[in-house]
Amino acid sequence: MLNINDSPITRNGKSLIVAYDHGLEHGPVDFEDVPKSADPGHVFEVARHDAVTALAVQKGVAEGYYPEYEDDVNLLVKLNGTSNLWQTEPYSPKNCTVEYAAELGADAVGYTMYAGSNREGEMFEEFREVQEEARKHDLPVVMWAYPRGQPVKNDKKTGIISYASRIGLELGADVAKVKYAGSREAMEEVVDASGRMKVVMSGGSKKSDRAFLSDVHDTMSAGGHGLAVGRNVFQRDEPTNILDKLEGVVFEGKGVDEGL
């Protein structure tokens with residue numbers, strides 16, 4: 001496990017990653033409420049905010065836009081992904097190598113793991129390759145730890161989320177991105193199961209500022225290390241406003257009311 005406290009994707013050991021892989025994963029529907037968010041250039045501009053420690057994108061977006069922002073934005077390249085048109089057993093195929101991500105200037109790489117899928121074995125093997133190659137390039141590995149598949153009846157249960165995060169630790173991830181488990185106490189269980197690996201909360205679908213900041217505050221109070229957020233930032237007309245508030249909660253230890 002890398003000591004990523006000195007990595008560009010952390011600030012004082014904490015992270016606020018803006019995830020922008022939704023164009024592949026969900027399609028244009030995620031940009032309809034705020035049409036300008038369909039433009040990667042707009043989101044790269046948003047990611048220049050001081051609170052943002054990294055922007056996660058697929059390789060095509062990195063190729064097309066990152067060279068203009070490399071001095072202001074830390075790049076996290078997602079190495080796998082699948083479209084929402086996929087209707088069979090959950091599987092996220094690898095579409096970029098660690099070596100190519102490093103050539104693009106990546107500060108870290110990310111990989112989605114659907115533990116519980118019938119194709120889990122393939123993803124474990126792909127992740128082994130990713131993790132070991134990332135070590136050669138001294139790049140942190142962020143696992144999108146999302147349990148899915150026929151045996152997973154409820155992916156919001158604390159035990160399931162804890163298990164997914166623990167898999168990240170066991171397979172050598174440096175950070176696990178997990179769903180919010182519903183309370184501070186539940187997030188403490190997730191963090192405890194994750195050992196020395198960092199845990200960040202997935203932002204999920206758009207919520208009110210208060211509800212969203214409450215979830216983030218629970219995560220930080222439970223010993224979490226930040227969040228990886230997409231729609232709760234770029235689906236807002238003024239994303240810098242929520243980033244100002246998140247900076248207070250994640251990095252400055254503010255409570256919800258104070259953050260608001």
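Let's start with two helices: H6 (residues 158–171) and H7 (residues 184–193) pack at an angle of about 25°, their axes 8 Å apart. Axes here are lines fitted to C-alpha atoms over the stretch in contact, with angles from 0 to 180 degrees between N-to-C directions. Helices are DSSP runs of H or I with at least four residues, and strands are runs of E with at least two. The model is predicted, so local features need pLDDT of at least 70 and side-chain atom pairs count only at pLDDT 80 or more, while totals for chains, interfaces and linings use all residues. Residues are numbered from 1 along each chain as its sequence is written, and side-chain values use heavy atoms, leaving out hydrogens and water.

H6 and H7 are therefore roughly parallel to each other (angles under 35 degrees). On the H6 side, Thr158, Ile161, Ser162, Ser165, Arg166 and Leu169 meet Ala186, Glu189, Val190 and Ala193 of H7 (contact means heavy atoms within 4.5 Å).

Now for the charged pairs: the structure holds 19 salt bridges, each a side-chain nitrogen of Lys or Arg within 4 Å of a carboxyl oxygen of Asp or Glu. In one of them, Asp21 and Lys78 meet at 3.3 Å, N to O. Asp21 lies in the loop between strand S1 and helix H1, and Lys78 in strand S3, so the pair ties together parts 57 residues apart in sequence. Both Asp21 and Lys78 are buried (under 20% relative accessible area, with exposed over 50% and partly exposed in between, using a 1.4 Å probe and protein chains only).

Glu133 and Lys136 form another salt bridge, with the closest N and O atoms 3.0 Å apart. These two are three residues apart in helix H5, so about one helical turn separates them. Lys136 is exposed at 65%, whereas Glu133 is partly exposed at 30%.

Conventions: Parallel < 35°, antiparallel > 145°, perpendicular 65-115°, else oblique.
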